[in-house]
Amino acid sequence: MTRGNPCQLPGMLPNYDPNDNEAGMKILEDLTENVEQIQQRVFEEIITRNARTDYLKGFLDGQFDKQVFKKTVPVVNYEDIKPYIERIANGDSSNIISAEPIIELLTSSGTSGGQPKMMPSTAEDLHRKTFFYNLLVPVMNKYVDGLDEGKAMYLLFVKPETKTPSGLMARPVLTSYYKSNNFQNRPFNRFNVFTSPDETILCSDSKQSMYCQLLCGLVQRQEVLRVGAVFASAFLRAIKFLEDNWKELCSNIRTGHVSDWITDPGCRKVVSLVLNKPKPELADLIEHECSSKSWERIIKKLWPRTKYIEVIVTGSMAQYVSTLEYYSGGLPLVSTMYASSECYFGINFKPLSKPWDVSYTLIPNMAYFEFLPVKEKNEDGAQYVQCNGVCKENCMEKETEKEDVETVELVDVKLGQYYELVVTTFTGLYRYRVGDILMVTGFHNKAPQFRFVHRRNVVLSIDTDKTSEEDLLKAVTKAKVIVESLGILLIEYTSYADTSSIPGHYVLFWELTSKGNNHLPVLDPKIMEQCCSTVEESLDSVYRRCRRKDNSIGPLEIRVVQHGTFDALMDFCVSQGSSVNQYKTPRCIKSGEAINILDSRVVTRFFSQKAPFWELV
Ligand code: AMP
């Protein structure tokens with residue numbers, strides 16, 4: 001998939017034929033053997049190119065030395081660089097942070113003040129991404145034979161995009177990539193042939209896109225060797241869509257005619273070509289499998305040659321592993337890569353390892369990496385890790401002291417230690433805290449490998465939403481005003497992400513009491529539903545988009561629990577090793593046992609009756 005004029009690629013991105021596995025593996029060996037030198041080169045290249053930007057000039061004063069850089073350039077959060085990003089969004093020259101022109105802003109699923117964060121991107125960075133994607137191919141080929149003997153049913157989607165006041169495109173990183181020349185004019189790669197025509201991936205109507213991609217995948221079922229989506233949540237959404245729409249899909253296959261509601265001209269054209277002619281036997285077969293009472297192993301039944309499912313199942317996506325295993329009948333779940341809007345980071349060199357064993361090797365020519373040491377927190381079963389000298393309390397803590405934060409280089413990280421990732425990118429981020437906590441699990445040659453532990457500050461996540469304890473508190477505070485005005489007090493609350501059905505949804509457990517008499521009050525369903533809606537309205541724009549536009553999150557639920565439920569929860573946490581003195585009600589529950597304790601004491605349940613407001617800004 002290497003694109004464009006290779007001569008324009010910087011030397012940092014070796015050029016090779018992506019069909020050539022040996023060449024790909026050789027590059028990976030070179031990159032992982034020479035980590036120190038490559039990181040030094042990356043550092044020098046970024047700094048020499050960008051030393052004259054307003055941002056760096058202020059700190060470096062013409063000096064290019066790494067020690068000076070580390071001493072003078074601060075480790076920053078998004079809020080620190082937001083003013084620069086906003087200036088660029090409003091028309092200031094991009095060279096305030098980057099010597100290379102910033103051609104678009106990538107909207108991240110992390111939010112700031114309720115709005116998505118925006119990360120700078122340059123033309124050259126698309127080539128870096130292409131280089132990274134190409135490296136995934138030889139790794140997969142090393143473990144799975146014959147991937148050139150069929151196709152991949154990857155369900156890929158674009159999301160809505162907008163323009164900043166200065167006319168820059170603002171859109172998610174994958175939308176940007178799929179719409180780029182690098183993706184659309186990719187050279188043929190026999191190991192990477194998709195069942196979805198590009199027109200169906202690029203269709204902005206997500207329902208038409210999903211329908212058409214599934215239709216193409218079903219028609220080509222005998223050719224499909226692997227299925228997937230970027231995240232597990234998106235793939236399961238597709239399975240649910242199939243459950244809801246298989247009859248119509250089969251009817252289209254039977255008649256050879258695409259449903260009339262598929263109005264996107266590009267989609268209609270390419271899907272008609274794939275459908276080609278009536279295929280009644282194929283329709284019968286699919287109908288037979290889909291009408292079975294149980295959908296266990298449905299993936300194997302519909303796509304019988306499938307060797308694995310390619311979806312990210314690490315981090316918050318781990319909650320979907322058992323559901324995927326049910327539908328796939330235990331096919332390997334492959335998390336190939338670890339990436340973000342800021343930068344693409346790492347590759348899983350053992351793609352067939354179990355989800356909980358997955359580690360990513362950071363690719364040293366992607367960015368200059370630093371690591372903030374973080375200490376494991378013993379108190380509550382190591383669900384979180386405590387930032388040693390970074391966060392005061394634990395990783396839920398928002399701000400950090402910026403002074404005296406010593407980072408460690410990529411080659412100096414220690415086995416078994418936890419770190420927060422900090423990146424200096426080619427696109428104008430300097431010593432930027434990504435917010436991810438990683439643990440070193442081993443080394444590939446000299447390159448460390450990391451397990452994704454969790455994201456700092458995130459307690460709830462269903463899809464790409466990332467809700468922090470603070471966001472949740474704010475939202476609950478707004479909603480509790482409603483019951484308080486009726487003489488009802490919210491004594492305690494906690495939450496969990498319920499993914500037992502698709503789409504998953506947020507659940508809040510509330511312990512309520514009447515002011516004065518300490519009894520469980522009589523609750524008006526309308527009022528409680530309004531509380532659910534108020535919480536949803538108060539959550540950030542990514543949550544509201546997932547809930548309203550993408551339908552990837554279901555209606556928020558409040559479960560009212562009996563008096564004494566939170567005491568029982570405390571007893572349980574203490575029995576698990578929490579200290580009584582320091583006990584704080586966890587604002588998010590992950591342990592199945594703890595959820596059972598709460599669930600067994602539920603008195604009534606209420607659901608939000610309307611999707612929250614969301615608009616593209
Ligand atoms: P975004 O900036 O919206 O693209 O989100 C990037 C974030 O998604 C990363 O910083 C991680 O927190 C998470 N993420 C991306 N890839 C993985 C992965 N393979 N495993 C776990 N989390 C991931």
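Let's start with helix α10, which is mostly covered: 12 of its 14 residues are buried. Buried here means under 20% relative accessible area, with a 1.4 Å probe and protein chains only. Helices are DSSP runs of H or I, at least four residues, and strands are runs of E, at least two, numbered from the N terminus.

A word on the source. This is a predicted model: local features need pLDDT of at least 70, side-chain atom pairs count only at pLDDT 80 or more, and totals for chains, interfaces and linings use all residues. Residues are numbered from 1 along each chain as its sequence is written, and side-chain values use heavy atoms, without hydrogens or water.

Back to α10. Among its buried residues are Met210, Tyr211 and Leu214. At the start of α10, a side-chain oxygen of aspartate 205 comes within 3.0 Å of the backbone nitrogen of lysine 207.

Now the ligand. There are 17 residues around it, and Ser109, Thr314, Met337, Ser341 and Asp436 come nearest. Near means a heavy atom within 4 Å.

Which atoms of threonine 314 and the ligand lie 2.6 Å apart? A polar side-chain atom of threonine 314 and a ligand nitrogen. Methionine 337 uses a polar backbone atom, 2.9 Å from a nitrogen of the ligand. Serine 341 has a polar side-chain atom 2.8 Å from a ligand oxygen.

Taken alone, the ligand exposes 500 Å², and the protein buries 91% of that. Those areas are Shrake-Rupley, 1.4 Å probe.

Last, the shell. β9 (337-339) is among the elements giving two or more residues.

Technical notes:
A polar contact is a pair of N or O atoms within 3.5 Å; within protein, one must be able to donate a hydrogen and the other to accept it, and residues adjacent in sequence count only if both atoms are side-chain atoms. Buried means under 20% relative accessible area, exposed over 50%, partly exposed in between (1.4 Å probe, protein chains only).
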